[in-house]
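Dear colleague,

I am passing on the structure we spoke about, and you will find the sequence and the model just below. After that I set out what I found in two parts of the chain, so that you can follow along as you look.

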Amino acid sequence: MRLRISLFFLFFYSFIFSQQYVSTNYTTANGLPNNAVRSLFIDKENVLWIGTENGVSRFLNGSFYTITQDDGLGYNSCWDIAQDKNGNMWFASYGGGVSKFDGKKFYSFTSKNGLPADKTRKVFHFKNKIYVGTEQGIAIIDINTHKMIIPKVPKTKEDFICIDFFVYKDEVYFVSVFEGLYKIDYSQRVPKVNLVFKNKNNYSTHLVGENLFIGNEGYLQKANIQALLSEKKEFEKLKSSIFWDYAQRNKEILYAAADGVYNPDGGLFQIKGSSICNVSNLFGIDSKILLNVVYDKRNDILYVGSNDKGIYEVRLDKSIQYYPFQEKNIIDIESINTSRFILHNEGISVLNKNNEKICEVNQNNFKAFEIATITKAKRTIATNYRESRDFELNFNIPARGIVFYELVKHNNSIWIGSNLGIFELNERGNIVNYIPKHSLKIGFTIDDKFIETITYGGLYLYDDVYKLQGKHFSKFENATPQFIVKILNNRKKTYLISVFNGLFSYSNGKFTSFLFENIWNEKKFKHITSDAKGNLILAAEFGTVFVVNDQDKFKIIKTIPKKDIVGNSINFLESYKDYILIGTEKGINVYQNGVIRLLDKEHGLNDCNFKTSQLFQDELWLGTLKGYYVLNLAKLLSAQQTVKDIAINGIAINNQPIAKSKYDWFTYANNELICDYKHNSFSIDFVPKGHLFADKLKFRYRLNNGNRWSPYSDKTNVFLSYLPYGAYNLEIEVFDQNTGKISLFKLLKIVIQPPFWLRWWFFVIVLLIVISIVIFIVYNYKRRSRERILIEKRLAETKMEALLSQMNPHFTFNAMNTVQDFIISNDVDNSLLFISELARLMRLTLDNSSQKSIPLNEEIDFLKTYIKLENLRFGNRIQVTITIDEAIDAHFIAVPPMLFQPFIENVFVHAFNEEHPNPTLDISFKLKEKHLLVCQIKDNGKGKASFEKVKLHKSKALLLAEERLRLIQPQILNPITTNFTEFDGTSIVILLQI
């Protein structure tokens, strides 16, 4: 009886599921680290984790991101994966113990920490514990404290291999490969294991409700869990293979991955009730060594891991189904009511609404009907078939030589064009008529007239196709349709499109050429359909798609440029609701309101060489060279999930990756990146999240809100080189071709700090320094100005005081006495000379006193006049000599006026007396350096006695002279030097900066 049931279900599935599910195989060629997949797990974020013999991978955005021992994983051979309630990931390795990952750091648990064995098979999470199955028993690890408990297991002859865990009524059970089913007992302080029942060769367990499945050697055991616990050990054996893992899709369907180990009977099995069916072929799985399976409930996807061919991704939603159809070349598809007519290279198949074949009309049937028809009415056919055609119809074509062209639906009949003639079938698929006409394109007008196109001979329009009564339209008439490829009835007109002559219409017995009538100059068309509003949709094979309105007045409503269509050649054109479906060699472009979505290989359209298309309500049927697709448009075009987030999974600055400590769960943990001006080139890798089709995503970026967008790219990387200093808010725009939606994400704020000399604090410091310098300069300038004013004031005062001192009453009294003596002595000449020189001296004094400096020769003239007056008083006894160095140009050297007079006066007053035998006064001017004038005033007077007298009675004029020199030339510390001897007189040296 069970055998009958199994055979029934085997037949049932092979018949019903003759279609294939959409599946994709991922291997090392796609980035998987190893084709030996040991474990699969879907975490709380719906991310698929894959444990292989060469590390652990995460599957995101169609790419694999691998973690190995180099990243901290305890061991590369990962046999199981689990996630605890805190979100930490746990990895069981075969040889390296257990690893825990908390998003930043790995923790290892090995035999050195107390683990029973480093060869671990299973990690299982329940409440606050991780249960570890090893080859020498089990371990229980607290997920928070990492405290490890090792329950004692029975001593056995073989290894006590714990292979799997499950929970029933809040208690944890596990199976040992060679010993049976055990329960972990927490009734005492130290947990212990209790045997539930002995059982050999246990390789997996799975609990579905009250039913426990145990994978045994060559078969699957099924039993009621309560009966087992009550020691009523009654197993139902479902023979098939060795099962290693299970995935529950719903309450009724369980999928199991099997590997026969030594028998090639593995694969993917579907368990429904007590029936098992191998669905590997149905799901496109060609490996027989399957070790694991997991179900993605959110996306209705089944992932299957093999030990030799990587991972299989199977989409179970049936939005796209493929029917191989015995690899027959599908030519055309039509329908009448619930019957589907599929024309292929060997004939026509008629299916019911469940896609079950109800009728098959092959080439032999068509040939037989043709022979019967021409035999019965040979004379009539020969009479009606005398018109010129492209070539003469050959009635002797054998059955295998029949070539079918198309299907045309008219009323409740299906018309088939072929090289043997035209056939009519009824709704049940029976051939009811044969028309001995050869035409590559046939059709019916809006008023039920039959159209026979003749490639090089015009067109026939038959009022009665069965009697072949009609009218011929010559190709030499401009309105006659030529080179017709499609015929469409829309509203009150029949439209015909030509590959060379554009669009034609027929109404009221008349053809109209849009090209000839200058209505529309487009010449080449290959496809035509209409939308729900009655608008025409037309396209050339390699051109633009047009939407036009021809109900009242011809008007082009919109155009879809060729550059916006993905693909080079248009294979079909359909209208569904407010969508335009454009089939190309790349897939199906779904146009709606200016946005194009793409359905292609990622959705399951592995063969996009579409030969025909047909819409049946919400289903789109597409014929290919080896079968046909059925697309559920209601599902495919409904609201689809798109990218919900973008995470940064890699940043390199100046080609140097940033530290791993900056990441949390493989994602850059900050939304800001700050660098100095020298580190200004960035490579940023990102991962979109929340979508299914990686190849449908296009990305572009901009650095700030006002900047231009970069061109669209499918690369999940942004490279920014040599950015100037400043702040950048990097944004990513994602265009999802699957949904037609555009999403904008703020990816990262990048702050590049300027060099220190452009930083605000540097500007502040510089500004403070500049302000300080300016203040210092201003203050110093004002101080010097005040000092200069004081100096000038003091100079003016000293000059005035010097003038007054020179014109003091004593000098005036002496001068007047001298004049009086000359007058008394009746020395008129000397008196007149004296008065004249005195007047000249006074004039020079008044003239020079108003000047800051005068030429040296004028100063010498002044001194000569003064000396002459003083010497007259001494009876010209004093021998005076004035010597000027030849290097001195007395006309160009400027000296302060009346500077030397006080020193010469001192000689006349103190140096000599009446008894001095030979008084002399020597005045010399020399250049010591280029800008230093040396004036020496030397006498042979009293010397030391004279100097002591001068010190006691130092004149105010001498003091003023010294002060003037110090004010004028502060850089010379000792401008006046006095040397004397007791017998040789006095020498005064005056240094003057010139």
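Strand β34 is joined by six bridges to strand β35, which covers residues 413-418, and the two run antiparallel. Within this pairing, Phe404 has Ser418 of β35 as its bridge partner. Please keep in mind throughout that this is a predicted model.

These two strands belong to an open sheet of four, with the order β34-β35-β36-β37 and antiparallel pairing. At its edges lie β34 (404-410) and β37 (431-435), each of which pairs on one side only, and neighbouring strands of the sheet are turned by 20° against each other on average, direction ignored. Helix α3, made up of residues 363-376, lies across β34, β35, β36 (421-425) and β37, and runs at about 60° to β37.

Strand β54 (residues 612-616) pairs with β55 in the antiparallel sense over five bridges, and here Thr612 stands opposite Gly623 of β55. The two strands form a hairpin with two residues between them, and in the turn Gln617 has a positive phi of about 55°.

Strand β55 is also joined to β56 (residues 628-632), again by five bridges and with the strands running antiparallel; Leu622 has Tyr629 in β56 as its bridge partner. The hairpin that links β55 to β56 passes through four residues. Because four of the five residues of β55 (residues 619-623) are buried, this strand is largely enclosed by the rest of the structure.

With best wishes

Technical notes:
Residues are numbered from 1 along each chain as its sequence is written. This is a predicted model: local features need pLDDT of at least 70, side-chain atom pairs count only at pLDDT 80 or more; totals for chains, interfaces and linings use all residues. Side-chain values use heavy atoms; hydrogens and water are left out. Two strands pair if DSSP finds at least two bridges between them. Axes are lines fitted to C-alpha atoms, for helices over the stretch in contact, and angles run from 0 to 180 degrees between N-to-C directions. Contact means heavy atoms within 4.5 Å. Buried means under 20% relative accessible area, exposed over 50%, partly exposed in between (1.4 Å probe, protein chains only).
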